[in-house]
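A short report on selected features accompanies it.

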Amino acid sequence: LLQLFRPLDMLGWVYRSIRQGLIDMEAMFDLLDTPAEVVDVPGAPTLAVSRGHVRFDDVVFGYEPERQILKGVTIDVPAGTSCAVVGPSGAGKSTLARLLYRFYDPQSGRITIDGQDIAAVQQNSLRAAIGIVPQDTVLFNDTIGYNIGYGREGAGQAEVERAAEGAAIDVFIAALPDRYEAMVGERGLKLSGGEKQRVAIARTLLKNPPVLILDEATSALDSRTEEAIQDTLDRIATSRTTITIAHRLSTIVGADQIVVLDGGRVAERGTHAELLRRGGLYAELWVRQAAERELEQAAE
Ligand code: ATP
């Protein structure tokens, strides 16, 4: 009976994790060693990324066939630019990120990177090209050095330290008694939300992917930590194609393009200034969040 419970436990964990949003999917696949729902077509070529142009082309998708979550979504993210996806809760923002990572395949339409349909290439090569800084980073019960080095197999200590520096967590680590050998995770040092996010950023810096997905945490960090992390994220996003799943509009004001999803469709798109001028859903969300921000800052 115990043997039966373990997989059930695992399934529960996976389900909760998926519901919470994008957790570190690579970690999840590795931990469970289960095949993803999608399979490579025999003889699939590897993805050849030249510049990292990402395109969602009339994508239709539902987790269950009878309930469509994305109802024909087209988003074009030119190489090296940033695109923020915003919209009400449940609009399908994280679903877009899951499809890009090919956790699932669209029911119709396609997603391409540099013109290649991601459903037609080897999954490993696709996932090697995409870095994710998730909402909630999974830490292994191992050293903090291992947790960063996980970003790229075979990374040396010097590279791990450089990544930690890039993610601005080097000073924190230097102050730990065991430095990079300090144990973290459930059975070690507990890191704060902001510190965990920096570990995820350091991992991503090591991976150095041309395409980046930033899945903003729903739980707010205090505004000073948030600003500091935002600076780091802006830095690592330079010269990469970046898709941000955003909950707080204040973090995406500078995005090259903002896409407003509503009810599984693109309701509006444009820059922050364009969308404010338009006076639609985005402008409405902006006004509401600005009022909330003022209240929060008054409370801090
Ligand atoms: P939020 O801002 O709350 O994170 P979101 O826009 O990112 O929301 P998604 O996580 O993409 O929304 O979810 C879109 C819809 O799909 C929701 O109605 C959600 O309940 C449903 N959904 C998400 N994951 C699954 C799943 N694994 N199985 C079935 N339905 C799911």
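The report below goes from the chain as a whole to one helix pair and then to a sheet.

## Overall make-up

The model is predicted, and its chain has eleven helices and ten strands. Of the 300 residues of the chain, 35% count as buried. Among the contacts in the chain with a separation of 6 or more, 74% are between residues 24 or more positions apart.

## Helices α6 and α8

Helix α6, residues 157-166, and helix α8, residues 193-207, have axes that come within 8 Å and cross at roughly 125°, which makes α6 oblique to α8. The crossing in which α6 passes α8 is right-handed.

On the α6 side the contact is made by Glu159, Ala163, Ala164 and Gly166, and on the α8 side by Ala202, Leu205 and Leu206. Sorted by class, the residues of this contact between α6 and α8 are five nonpolar, one polar and one charged.

## The six-stranded sheet

Six strands form an open sheet with mixed pairing, in the order β6-β7-β8-β3-β9-β10. Because β6 (130-133) and β10 (265-270) stand at the edges and each has a single partner strand, one side of each is left without a neighbour in the sheet. From one strand to the next, the twist averages 20°.

Strand β9, residues 257-262, runs antiparallel to β10 and is joined to β10 by five bridges; Val259 has Arg269 in β10 as its bridge partner. Helix α8 also packs on the sheet, where α8 touches β6 and β7 (211-215), and the direction of α8 makes about 170° with that of β6.

Terms used. Residues are numbered from 1 along each chain as its sequence is written. This is a predicted model: local features need pLDDT of at least 70, side-chain atom pairs count only at pLDDT 80 or more; totals for chains, interfaces and linings use all residues. Helices (H or I, at least four residues) and strands (E, at least two) are DSSP runs, numbered from the N terminus. A residue is buried if 20 or more other C-beta atoms lie within 10 Å of its own, exposed if 12 or fewer, and partly exposed in between; C-beta atoms are placed from the backbone. Two residues are in contact if their C-beta atoms, placed from the backbone, lie within 7 Å. Axes are lines fitted to C-alpha atoms, for helices over the stretch in contact, and angles run from 0 to 180 degrees between N-to-C directions. Angles under 35 degrees count as roughly parallel, over 145 as roughly antiparallel, 65 to 115 as roughly perpendicular and the rest as oblique. A crossing is left-handed if the near helix is turned anticlockwise from the far one by less than a right angle, and right-handed if clockwise. Ala, Val, Leu, Ile, Met, Phe, Trp, Tyr, Cys and Pro count as nonpolar, Asp, Glu, Lys and Arg as charged, and the others, Gly among them, as polar. Two strands pair if DSSP finds at least two bridges between them.
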